[in-house]
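Please open the model in your viewer and keep the selection tool at hand.

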Amino acid sequence: MKPLLISRHTATSCIGTGLDATRAALAEGRSGLRHCDFETITLDTWIGRVPDLEAVVMSPALADYDCRNNRLALLGLMQDGFIDAAIDAVSRYGAKRVAVLLGTSTSGILETELAYRRRDPVSGALPPDFHYRGSHNIFSVAEFVRHAIGAGGPAWVISTACSSSAKVFASASRLLELGLVDAAIVGGVDSLCLTTLYGFNSLELVAPEPCRPFDPARSGISIGEAAAFALLERAPAHPADDAILLSGYGESSDAHHMSSPHPDGLGARMAMEQALARAGLATADIDYINLHGTGTPSNDSAEGAAVRQLFGNATPASSTKGATGHTLGAAGGLEAVFCALALSDGLIPGSPGTRNLDPAIDIAYRQVPQHAPLRHVLSNSLGFGGTNCSLILSRAGGKTS
Amino acid sequence: MNAKPLSATIRSVGLIGPGFDNWPEARAVLAGNVPWSPVATRIPSPGVLPPAERRRVGAVVKLALCAGVEAVDAAGADASRLATVFASAGGDGANCHAICEALASDDRRISPTRFHNSVNNAASGYWGIATGAMATSTIISSYDGSLAAGLIEALALAHELAQPVLLLVYDHPYPEPLAAARQVSDAFAMALLLDPRGNDAPRLQLGELCDAAPDTLPDAEMDAVRSGTPAARGLPLLALLAQGCSGKVVIDYLDDLRLELSLTA
């Protein structure tokens, strides 16, 4: 594929609101996880909660979209001049030439969960202030962002669990390649809710401690929330040396099981191979892999097997889930932004939470942040239900020094 | 919207809706050959799923899988080799209702099956288990315009892969109390096997995003199905297809935009 320019990007998660705080946390190998203090939840688990999200106020014009997920989207859009860059793209290209494609897994379901507690005791009706379209509906976050920036091109939400906001980069690439649009706002927003915390708990997939990806004592995930956005455009003929490009993507399905991955990581391997082929790169060209690395026993061993088969044990790899928690539908977008920061800063993020390496997984796993020259990096997102996506990001002007 | 027109032949159709158990029944009605009996949609049972999975899946997944199987079989295609695009406005409302009820109760434990059926990509996951398809599968939502969004993604994907792509569009009504906040009139599913190559079948071409009104159906009761269920927004296109006619159709997409399509018989 012809590489696309990521002309602006931003991330907001429990390790930081905006890029400055995020890159500082990544450089320090700091975790933002804390013991669960969300809502009325009594589970003994750790979460990645975005600070001060409750203080975000929606403008009256967008009040119909008021819910935790869209407040997180708004907080994310306001960082690093992203909303201005998006509005500028709309004015440069024309509203209909700008797409909004976002990933989420639970959208504004929290509002519905809370509304169910306030059902009319006689009729069972939801309270009159419950606004389905602006909160519960899965498309709500893309509709909200579309209105917030005035975009008028194609818009949709991809909801393929944990690969959602990686797959939107692939969708946007197709629309740009075919000339249907000139720019795309992509990314993901997912927020804490009871469904995912109690649901993953019912599957016995949440850890009672901060998650420990690729650790032999790993016992599950820590759930987090995040908003990550990227502005994708066609790359100029001669991009600046420090320009960050999307140079490949691969998408596959496990066709195996609803809630456990293919044991050999076959689907994950297919996604990585496709991404390399589309980028025209060999495995030796990849300088860093941001693993999906959730911290569940089966996910890490399947992904580890896939990476080992393809890359051997030479390519540095790490999981940032111990820093942010698993941000589910936002994870692919969030970790794509981490990869962009890695390329800009020449920094391989570490793996907070991991104390020891699982001796059964033979890959070049990095526990602490490390400065290194980087040119091409790969990010894996492997979804519940078996939907996988790998992205390759590159620095236009060769390796950072 | 188009720099170069994006199109594909419609190799086959799968359809389940009120009064329609399959595409041949719907085609006969939409072509004007047979009167329509508007009985409530019958939810089929997906024989392609292993029995254990068949017991676990909700009506939404059954609809999607059965419409998909009909389209694949009608074309004599190999499901295990097809990329898929699933489009649904609301996913599995009954499952969501059960989870929200449990979470609002004193005992918040929810069953593992309920939880893994709650992901919006449940239909895609079960499709993969049933067919062994390891190609890309995408699950798209765009409120009432989910069909339009699915068509854009499916046609773009078919062009990128230079291979047929199966588009599956499906919706099922919510139970109360959610139904009061989001009304969907009946269950409906449509599958289209879209092939960017070949000229031996009717060709569907993507037009512009426009502000024209959506096309309607002449039968008011059948038009209520179209307007009452997001997945049924393609009925005017299917009517053209059933009648063997060429023409343009405008379908709902985003709140201020519609999508124009053209069909060459």
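Two residues are in contact when heavy atoms of theirs lie within 4.5 Å. In this predicted model, select chain A and consider its contacts with a separation of 6 or more: 79% of them join residues 24 or more positions apart.

The C-alpha atoms fill a box of roughly 65 × 50 × 40 Å along the principal axes. A compact globule of 401 residues would have a radius of gyration near 21 Å, and the 20 Å of chain A therefore agrees with that expectation. Buried residues make up 68% of the 401. If a surface is displayed, the accessible area comes to about 12,000 Å², and 52% of this area belongs to carbon and sulfur atoms.

Next, colour by secondary structure. Chain A contains twelve helices and 16 strands.

Now select residues 1-395 of chain A. An unreviewed UniProt entry lists this span as "domain: Ketosynthase family 3 (KS3)". The span is 32% helix and 21% strand, and its end C-alpha atoms lie 16 Å apart.

Finally, go to the loop between β5 (98-103) and α4 (109-117) of chain A, and select Ser107(A) there. Is Ser107(A) buried or exposed? Its relative accessible area is 2%, which is under the 20% cut-off, so Ser107(A) counts as buried. Display the residues around it: beyond neighbours within four places in sequence, Ser107(A) is in contact with residues including Asn69(A), Ser135(A), His136(A), Asp190(A) and Ser191(A). Asn137(A) is also among these contacts, and its backbone oxygen lies 2.8 Å from a polar atom of the Ser107(A) side chain.

Key: Residues are numbered from 1 along each chain as its sequence is written. Chains are lettered from A and ligands numbered from 1 in the order in which they are written. This is a predicted model: local features need pLDDT of at least 70, side-chain atom pairs count only at pLDDT 80 or more; totals for chains, interfaces and linings use all residues. Side-chain values use heavy atoms; hydrogens and water are left out. Helices (H or I, at least four residues) and strands (E, at least two) are DSSP runs, numbered from the N terminus. Buried means under 20% relative accessible area, exposed over 50%, partly exposed in between (1.4 Å probe, protein chains only). A polar contact is a pair of N or O atoms within 3.5 Å; within protein, one must be able to donate a hydrogen and the other to accept it, and residues adjacent in sequence count only if both atoms are side-chain atoms. UniProt positions are given in the numbering used here, feature names are shortened, and annotations may be inferred rather than shown by experiment. The radius of gyration is taken over C-alpha atoms; the globule rule is 2.2 Å times the number of residues to the power 0.38. Accessible areas come from the Shrake-Rupley method with a 1.4 Å probe; for residues, only the protein chains shown count as cover.
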